[in-house]
Amino acid sequence: MAGTTGYDYTTMTMPGDVTSQSRNCFRTIEAALKEAGFAMADIVRATYYVTDAADADAHFAVCGEVLGEIRPAATLLVVAGLYKPEMKIEIEVTAKRRAA
């Protein structure tokens, strides 16, 4: 799944904190995966792009909440910026449908 940012698409707003943005990213990812016939448990790889290294711990706390026992291979990159200055995080995932 291509990079997903933290917009709340029900209100078309961007929260100011990385925790809320991370949760919104995962909500969007979960909805897109579901629409394609996948589940969050199918995520095998995740790449996280954050604009401030100080936000990493808050983001990883959300990962723990959302992913639980799902342990995808993951990379976190600290980048100079994203498309819009209010974007604090972007998440990209790869999913592989698990055998039934």
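Two residues are in contact when they have heavy atoms within 4.5 Å of each other. Keep that rule at hand for the tour below.

The structure is a predicted model, in which local features need pLDDT of at least 70 and side-chain atom pairs count only at pLDDT 80 or more, while totals for chains, interfaces and linings use all residues. Residues are numbered from 1 along each chain as its sequence is written, and side-chain values use heavy atoms, with hydrogens and water left out.

Start with Gln 21. This residue is found in helix α1, which covers residues 18–35. Helices (H or I, at least four residues) and strands (E, at least two) are DSSP runs, numbered from the N terminus. How accessible is Gln 21? Its relative accessibility is 0%, so Gln 21 counts as buried. Buried means under 20% relative accessible area, exposed means over 50%, and partly exposed lies in between (1.4 Å probe, protein chains only). Now set aside the neighbours of Gln 21 within four places in sequence. Gln 21 is then in contact with Gly 6, Met 14, Pro 15, Gly 16, Glu 86, Met 87, Lys 88 and Ile 89. The side chain of Gln 21 reaches the backbone oxygen of Pro 15 at 2.8 Å. A polar contact is a pair of N or O atoms within 3.5 Å; within protein, one must be able to donate a hydrogen and the other to accept it, and residues adjacent in sequence count only if both atoms are side-chain atoms.

Next, find Met 12. Met 12 sits in the loop between β1 (4–5) and α1. Its phi is near 55 degrees, a positive value in a residue other than glycine. Met 12 counts as exposed, because its relative accessibility is 56%.

Turn to the sheet. In what order do the four strands stand? The order is β1-β4-β2-β3, in an open sheet with mixed pairing. β1 and β3 stand at the edges with a single partner strand each, so one side of each has no neighbour in the sheet. Two strands pair if DSSP finds at least two bridges between them. Take β2 (residues 43–50) and β3 (residues 73–78): these strands pair in the parallel sense, over six bridges. Within this pair, Tyr 48 stands opposite Leu 76 in β3. Arg 45 stands opposite Ala 73, also in β3. β2 pairs with β4 too, in the antiparallel sense and over seven bridges. There, the bridge partner of Ile 43 is Ala 95 in β4.

β2, helix α2 (residues 56–67) and β3 make a right-handed β-α-β unit. A crossover is right-handed if, with the strands pointing away from the viewer, the path from the first strand over the helix to the second runs clockwise.

Now look at charge. Side chains of opposite charge can pair when their charged atoms come close. How many salt bridges does a search of the whole structure find? It finds two. A salt bridge is a side-chain nitrogen of Lys or Arg within 4 Å of a carboxyl oxygen of Asp or Glu. In one, the side chains of Arg 23 and Glu 65 meet at 3.0 Å, N to O. Arg 23 lies in helix α1 and Glu 65 in helix α2, so this pair ties together parts that are 42 residues apart in sequence. Arg 23 is partly exposed, at a relative accessible area of 30%. Another salt bridge joins the side chains of Arg 45 and Glu 92, at 3.3 Å, N to O. Arg 45 lies in strand β2 and Glu 92 in strand β4 (residues 89–95), so this pair ties together parts that are 47 residues apart in sequence. Arg 45 is partly exposed at 31%, and Glu 92 is partly exposed at 24%.

Finally, check the cysteines. A disulfide is a pair of cysteine sulfur atoms within 2.5 Å. By this rule the count is zero. Cys 25 is in no disulfide, and the nearest cysteine sulfur, that of Cys 63, is 9.8 Å away. Cys 25 counts as buried at 0% relative accessibility, and Cys 63 counts as buried at 8%.
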